[in-house]
Amino acid sequence: MSQLSPLDQLVAACHWIGAKGWAPATGGNMSVREDGRFCLLSESGKDKGSLTRDDFIQVEIATNSVPSGRRPSAETGLHTLIYRLFPDAGAVLHTHTVNSTVLSRVEKGSALRLEGYEMQKSLAGQRSHLEEVAIPVFDNDQDIDALAQRIEAYAAATPFRYGFLLRGHGLTCWGRDVSEARRHLEGLEFLFECERQRRLLEAL
Ligand SMILES: CSCCC(=O)C(=O)COP(=O)(O)O
Ligand SMILES: [Zn+2]
């Protein structure tokens, strides 16, 4: 059990993500739920690998309103959507990795289907490599409200867990707390690397 506060755990996760090279330039954004009403979101335009506690901004989950008047992530609407859709979600991590950027473009369908990998068990509730894990892939959009509406409509028809890919953009994933969100990010990123290698080798 970590002695760090959830925000300090999130700051540590951001540094870890930065060290992995998973949030190049100013890419990526991260948040943690405070309670049923508010979350704390990374400030827009910063290097997410060097964030401190002061770089997180309180946002109202229901309305996206920002009491401080500061500028949280441009993708705030995706984080708040996740907190509304998944009441158990306690932290959200969005990264721009090469694997998630490329695979989401190569995959032309509406989901990346992972099957046959022991590491699927890094995802909460997965018990066997024989089960399929479907990670939805949504076309990217600069209109975050429109994108959030598309994701919400998809989720109503096709329930999913863990995260989603934005085509040519990256992965957004979550967990019940920062620790689980980190595990899901690391597990999914490993699975994406495997899937990229498998597709490359099987094309030979
Ligand atoms: C070069 S990053 C483009 C914007 C983006 O996709 C991202 O994740 C970072 O945006 P933010 O407003 O959260 O800094
Ligand atoms: Zn992004």
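## The annotated span

The end C-alpha atoms of residues 8–196 lie 33 Å apart, and this span is 34% helix and 21% strand, where helices (H or I, at least four residues) and strands (E, at least two) are DSSP runs numbered from the N terminus. The UniProt record, an unreviewed entry, labels residues 8–196 "domain: Class II aldolase/adducin N-terminal"; such annotations, given in the numbering used here and with shortened feature names, may be inferred rather than shown by experiment.

This is a predicted model, in which local features need pLDDT of at least 70 and side-chain atom pairs count only at pLDDT 80 or more, while totals for chains, interfaces and linings use all residues. Residues are numbered from 1 along each chain as its sequence is written, chains are lettered from A and ligands numbered from 1 in the order in which they are written, and side-chain values use heavy atoms, with hydrogens and water left out.

## The zinc site

Glu 75 (OE), His 94 (NE2), His 96 (NE2) and His 169 (NE2) coordinate the zinc ion (ligand 2) at 2.1 to 2.8 Å. Donors here are N, O and S atoms within 2.8 Å of the metal (3.2 Å for Na, K and Ca), and water is not among the atoms, so sites may look incomplete. The site of the zinc ion (ligand 2) is octahedral, with angles of 65 to 172° among its six donor atoms; six donors count as octahedral if opposite donors are over 155 degrees apart and all others between 65 and 115.

Along the chain, the donors of the zinc ion (ligand 2) follow the spacing E-x18-H-x1-H-x72-H.

The "binding site" annotation in the unreviewed UniProt entry covers His 94 and His 96. His 94 lies in strand β4 and is buried, with a relative accessible area of 0%, whereas His 96 counts as partly exposed at 24% relative accessibility. In these terms, buried means under 20% relative accessible area, exposed over 50%, and partly exposed in between (1.4 Å probe, protein chains only). Glu 75 is also buried, with a relative accessible area of 11%.

Leaving aside residues up to four places away in sequence, His 94 touches several residues, including Asn 29, Glu 75, His 79 and His 169, where contact means heavy atoms within 4.5 Å. With neighbours within four places again set aside, His 96 is in contact with residues that include Trp 22, Pro 24, Thr 101 and His 169. The side chain of His 94 makes a polar contact of 3.1 Å with the side chain of His 169, and a polar contact of 3.1 Å also joins the side chains of His 96 and His 94. A polar contact is a pair of N or O atoms within 3.5 Å; within protein, one must be able to donate a hydrogen and the other to accept it, and residues adjacent in sequence count only if both atoms are side-chain atoms.

Helix α2 is mostly covered, as eight of its ten residues are buried, among them Leu 78, His 79 and Tyr 83.

Rings of Phe, Tyr and Trp (its six-membered ring) pair if their centres lie within 6.5 Å, and planes under 30 degrees apart count as stacked, over 60 as edge-to-face and the rest as tilted. By this rule there are ten aromatic pairs. The rings of Trp 16 and Trp 22 have centres 5.4 Å apart and planes at 75°, so the pair is edge-to-face, and both Trp 16 and Trp 22 are buried. The rings of Phe 160 and Phe 164, with centres 6.5 Å apart and planes at 85°, are likewise edge-to-face, and both Phe 160 and Phe 164 are buried. One aromatic cluster is formed by Phe 86, Phe 138, Tyr 154, Phe 160, Phe 164 and Trp 174.

Methods. Tetrahedral: all angles 85-135°; square planar, octahedral: opposite > 155°, others 65-115°.
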